[in-house]
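Biologist: I am new to this model and would like a close look at the surroundings of the ligand. Please go slowly, and then carry on to whatever else can be described with care.

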Amino acid sequence: MKKVLGLIISHRKLGNSELLVKEIMGSIPQECNRELIRLTDLKIEPCKACYKCLQPDKICPVKDDFNFVIEKIKEADALVIGVPVYFLGPHGYYKMLTDRLVGAQNDTKSTQGKPCVIVMPYGSKGWEGYSKSAAIVMPKLLRMKLVDCWQVHATLPGESLLNPENISYAQTLGRDIFTGREYHPGTRECPVCGSDLFRLLPAKQVECPICGARGIIKEDCIPVWTDSDYHRFSDQMDKHFKRWLLEMKMRFSAAKDQLKDLQKSYRDQSWWIKP
Ligand SMILES: Cc1cc2nc3c(=O)[nH]c(=O)nc-3n(C[C@H](O)[C@H](O)[C@H](O)COP(=O)(O)O)c2cc1C
């Protein structure tokens, strides 16, 4: 039987993220085992940058609920994420979770190609900010198939489902999740990852800050994308991390003593405060 995991990243009980995720998951026609995690109820610590998770068969050594969450994501056949917009980006817990994926993005055999739906309620039109671009990073790192990153205008708890069109679209996403449906970016979105933010470069060039794809701005500000197959989430990503890790290990061995010396002079400046 298929397993579907709903990941709610909002403290608000029965809020828009929760209701939208439940409507999507409830509409999946296949017989499936449904599970929900409210990330904000769990303990997720910041990444400690120890890189232990990059070693073969090593899990993250931080004692919190991260390993439970990532195992559940790996076990699932599909992932439905509900994450609201908080101050122009996705809820901070989403970034905390994304930062913890150093090991998981390096070994994506359990997540690659699996469908992922993101639904992002936001309360104020024009205040979506960079939320969509930031939200797609997590499924891209895990090499999941993005079915949609759906931004839903709704402020009050549960208000999103007062609109019958939202109910209907949530049901469509649920019905489609196992059909192979994939997100098709629009003409003003990055054709590789779907990001709707761009970095302007000289000579009318434009770069997607999320995946690194490049294009040239043509008429009506619509970029035409270059043929180069470089983008961060291609096979280059694996190579990048493996090569980078190896380089860093070698550089660290060579520079260890010099770095210790440098750090020594700052050790006594203990101006830390805590409540
Ligand atoms: C701290 C905070 C910051 C918010 N920032 C934004 C924002 O920048 N843009 C926006 O459109 N809505 C913002 N909202 C509104 C929420 O995105 C909106 O109410 C959403 O429906 C909440 O989803 P939920 O019910 O699943 O928690 C913010 C809400 C909170 C509590």
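Modeller: A polar backbone atom of Thr155 lies 3.0 Å from an oxygen atom of the ligand, and a polar backbone atom of Ala154 is 2.7 Å from a ligand oxygen atom. A nitrogen atom of the ligand, in turn, has a backbone N or O atom of Phe87 at 2.8 Å. A polar contact here is a pair of N or O atoms within 3.5 Å; within protein, one of them must be able to donate a hydrogen and the other to accept it, and residues adjacent in sequence count only if both atoms are side-chain atoms. The ligand is surrounded by 17 residues, of which Ser10, Ser17, Val85, Phe87 and Ala154 are the closest; a residue is near a molecule if one of its heavy atoms lies within 4 Å of it.

The model is predicted, so local features need a pLDDT of at least 70 and side-chain atom pairs count only at pLDDT 80 or more, while totals for chains, interfaces and linings use all residues. Residues are numbered from 1 along each chain as its sequence is written, and side-chain values use heavy atoms, with hydrogens and water left out.

Helices (H or I, at least four residues) and strands (E, at least two) are DSSP runs numbered from the N terminus.

Moving on to the loop between strand E2 (32-38) and helix H2 (66-75), this is where Ala49 has its place, and Pro61 is in the loop between E2 and H2 as well. Ala49 is partly exposed, with a relative accessible area of 47%, and Pro61 also counts as partly exposed, at 37% relative accessibility; buried means under 20%, exposed over 50%, and partly exposed in between, with a 1.4 Å probe and protein chains only. Leaving aside neighbours within four places in sequence, Pro61 is in contact (heavy atoms within 4.5 Å) with Cys50 and Lys52. In helix H2 itself sits Asn67, which counts as buried at 19% relative accessibility and, with neighbours within four places in sequence set aside, is in contact with Ile59, Cys60 and Val62.

Two further helices can be described through their spans, for which the expected value is 1.5 Å times one less than the number of residues. Helix H7 (residues 164-176) reaches 18 Å from its first C-alpha to its last, close to the 18 Å expected for its 13 residues. At the start of H7, a side-chain oxygen of Asn163 comes to within 2.8 Å of the backbone nitrogen of Glu165. Asn166, Ala170, Leu173, Gly174 and Asp176 are buried in H7, and what covers these buried residues includes helix H1 (16-26), strand E6 (115-122) and strand E7 (145-153).
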